[in-house]
Amino acid sequence: MIAAIGLLIGVVAGLVLQPTVPLWLQPYLPIAVVAALDAVFGGVRALLDGIFDDRVFIVSFLSNVVVAALIVFLGDHLGVGAQLSTGVVVVLGIRIFSNAAAIRRHIFKA
């Protein structure tokens, strides 16, 4: 419940304050969001499986975001940033859909 309240406060704060993203950070923000979504869907799946651990979730959340951003950063410096960004989105997208399918199976028993 605390996480849902924190999410609601964050969304409202973002809408009210309308922060701007620095130009140098813009290529990394979408990748960080996809990595964070992967961790959130994994956390929901773990909760439904009865194996959720808040420490594992926090470490997974932060490490997913950092590793994804580092991969894109490395790709930018190697001149293949777009390709590595696409690769990160594809891999994390597969994980998100896999977790979403498991969540659907838990909720709808199908």
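This is a predicted model: local features need pLDDT of at least 70, side-chain atom pairs count only at pLDDT 80 or more; totals for chains, interfaces and linings use all residues.

Is Phe61 buried, partly exposed or exposed? Phe61 counts as partly exposed, because its relative accessibility is 27%, where buried means under 20% relative accessible area, exposed means over 50% and partly exposed lies in between, using a 1.4 Å probe and protein chains only.

Residues are numbered from 1 along each chain as its sequence is written, and side-chain values use heavy atoms, with hydrogens and water left out.

Let me stay with the aromatic rings for a moment. The structure holds three aromatic pairs, a pair being two rings of Phe, Tyr or Trp (its six-membered ring) with centres within 6.5 Å, called stacked when the planes are under 30 degrees apart, edge-to-face when over 60, and tilted for the rest. In one of them, the rings of Tyr28 and Phe73 have centres 6.5 Å apart and planes at 45°, so this pair is tilted. Because Tyr28 lies in the loop between H1 and H2 while Phe73 lies in helix H3, the pair ties together parts that are 45 residues apart in sequence; helices here are DSSP runs of H or I with at least four residues, and strands are runs of E with at least two, numbered from the N terminus. Tyr28 is buried at 13% relative accessibility, and Phe73 is partly exposed at 39%. Phe57 and Phe61 also make a tilted pair, 6.0 Å from centre to centre and with 45° between the planes, and since these two residues are four apart in helix H3, about one helical turn separates them. Phe57 is partly exposed, with a relative accessible area of 22%, and together Phe52, Phe57 and Phe61 form one aromatic cluster.

H1 is hardly covered, since the count of buried residues in it is zero. Following H1 comes Gln18, which sits in the loop between helix H1 (2-17) and helix H2 (29-49) and has a positive phi of about 45° although it is not a glycine. For comparison, most residues other than glycine have a negative phi. Gln18 is exposed, at 60% relative accessibility.

H4 has 28 residues and reaches 39 Å from first C-alpha to last, close to the expected 40 Å. The buried residues of H4, among them Ser85, Leu92 and Asn99, pack against H2 and helix H3 (54-78).

What, then, makes up the largest nonpolar core? This core has nine residues, namely Tyr28, Ile31, Val34, Ala35, Ala68, Val72, Val88, Leu92 and Ile96, where a nonpolar core is a set of buried Ala, Val, Leu, Ile, Met, Phe, Trp, Tyr and Cys residues joined through side-chain atoms within 4.5 Å. H2, H3 and H4 are the elements that give two or more residues to this core.

Asp38 is buried, with a relative accessible area of 1%, whereas Arg95 is partly exposed, at 42%. The other joins the side chains of Arg45 and Asp49, at 3.9 Å from N to O. Asn99, which is buried at 9% relative accessibility, is in contact (heavy atoms within 4.5 Å) with Asp38, Phe41, Gly42 and Arg45, leaving aside neighbours within four places in sequence.

Finally, a word about the record. UniProt, in an unreviewed entry, places the feature "transmembrane region" at residues 24-44, 56-74 and 80-103, although such annotations may be inferred rather than shown by experiment, and the positions are given in the numbering used here, with feature names shortened.

Terms used. The expected span of a helix is 1.5 Å times one less than its number of residues. A salt bridge is a side-chain nitrogen of Lys or Arg within 4 Å of a carboxyl oxygen of Asp or Glu.
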